[in-house]
Amino acid sequence: MTAEFQQWLNRENIISTQKQQQLLENVNAGLNSVAAGALGTVLGSITVIVLLPVYTFLFLYYKTLILNFLFEIFAEENSIKVSAILQQTKGAIQNYMLGLLTEGLIVATLNVTALLIIGVKYALILGILGAIFNLLPLIGGVIGLVLALVVATVTQDGYNAQIAIVLAYSLIQFTDNHFLIPWIVSSRVKINALISIVAVFIGGMAWGITGMFISIPFTGILKLIFDRLPEMKPWGKLLGDEIPYKHKGEIWAKRRKPALLKKEQQVKTKT
């Protein structure tokens with residue numbers, strides 16, 4: 001059927017056989033490129049998940065060495081400030097990990113519930129895997145969605161289940177990105193939602209998937225340091241989650257207004 005269609009296109013002078021062959025080659029090259037990119041993303045995600053415990057173990061193993069280095073590079077009179085920053089950093093990272101765990105449990109519950117309602121086999125495993133992959137910003141949710149779609153396609157007929165999975169996972173991802181991450185994860189390291197999104201993008205551009213994962217705690221640590229340095233406090237406020245009710249321009253304008261009125265009255269009195 002395909003050969004007959006190609007011959008018809010050539011016979012009617014719509015697309016020549018040579019151009020058809022060229023188009024097919026371009027399509028195949030594009031598909032190969034997409035497949036290679038998807039495979040690289042999946043392998044990169046698995047690598048991060050596997051290496052994360054290794055990184056954690058090494059940081060704990062060399063904890064004393066790193067702490068001694070940090071104390072020695074600063075002047076002795078600043079040791080109290082360094083100690084306070086390190087304590088706050090430890091608390092921020094612990095809060096971040098607790099926030100990730102809480103978010104993961106909520107996402108896993110939503111995934112499993114949605115898959116059970118749709119009637120997908122292995123809903124428990126797929127829902128938990130989706131929550132684990134969701135720890136990777138931006139691409140984790142896509143990987144979890146693809147896994148659920150593959151299982152639904154293999155085990156069920158038709159396309160109703162696939163459509164329902166896409167709609168359910170889209171709603172879960174919307175809830176996660178706009179409510180769970182800003183209010184459960186980012187708030188625990190005291191950075192606002194806008195900065196957390198920007199940090200994830202910058203981390204991804206700089207260090208790939210690993211950069212996406214560490215971007216939020218790294219930004220939280222920067223905020224702790226900025227809050228301790230007088231010249232960097234405005235940057236700390238910019239990263240923080242405390243939103244002022246009025247901007248400085250309005251405050252300065254209100255302060256200047258009485259002075260301007262007084263000056264105008266003095267000018268009128270003179271004239």
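Reader: Is Y122 buried or exposed?
Author: In this predicted model, the relative accessibility of Y122 is 55%. The cut-off for exposed is over 50%. Y122 therefore counts as exposed.

Reader: Where is Y122 placed?
Author: Helix α4 covers 79–118 and helix α5 covers 123–133.

Reader: What is the phi of Y122?
Author: Most residues other than glycine have a negative phi. Y122 is not a glycine, yet its phi is positive. The value is about 60 degrees.

Reader: Is N111 buried or exposed?
Author: N111 is found in helix α4. Its relative accessibility is 2%. Buried means under 20%, so N111 counts as buried.

Reader: Which residues does N111 touch, not counting those up to four places away in sequence?
Author: Contact here means heavy atoms within 4.5 Å. Sequence neighbours up to four places away are left out. That leaves G127, G130, A131, Y169 and I172.

Reader: How far apart in space are N111 and G144, C-alpha to C-alpha?
Author: In sequence, N111 and G144 are 33 residues apart. In space, the C-alpha to C-alpha distance is 9.4 Å.

Reader: Which helix gives the most to the nonpolar patch?
Author: The surface patch of about 840 Å² is made by V54, F57, L58, F59, Y61, Y62, L65 and I66. Helices α2 (17–61) and α3 (63–73) each supply at least two of its residues. With 5 residues, the top contributor is α2.

Reader: Is V54 buried, partly exposed or exposed?
Author: V54 is in helix α2. Its relative accessible area is 40%. That lies between the 20% and 50% cut-offs, so V54 is partly exposed.

Technical notes. Residues are numbered from 1 along each chain as its sequence is written. This is a predicted model: local features need pLDDT of at least 70, side-chain atom pairs count only at pLDDT 80 or more; totals for chains, interfaces and linings use all residues. Side-chain values use heavy atoms; hydrogens and water are left out. Patches are made of residues with over 30% relative accessible area and no salt bridge: like charges are joined within 9 Å, nonpolar side chains (Val, Leu, Ile, Met, Phe, Trp, Tyr) within 5 Å. Accessible areas come from the Shrake-Rupley method with a 1.4 Å probe; for residues, only the protein chains shown count as cover. A salt bridge is a side-chain nitrogen of Lys or Arg within 4 Å of a carboxyl oxygen of Asp or Glu. Helices (H or I, at least four residues) and strands (E, at least two) are DSSP runs, numbered from the N terminus. Buried means under 20% relative accessible area, exposed over 50%, partly exposed in between (1.4 Å probe, protein chains only).
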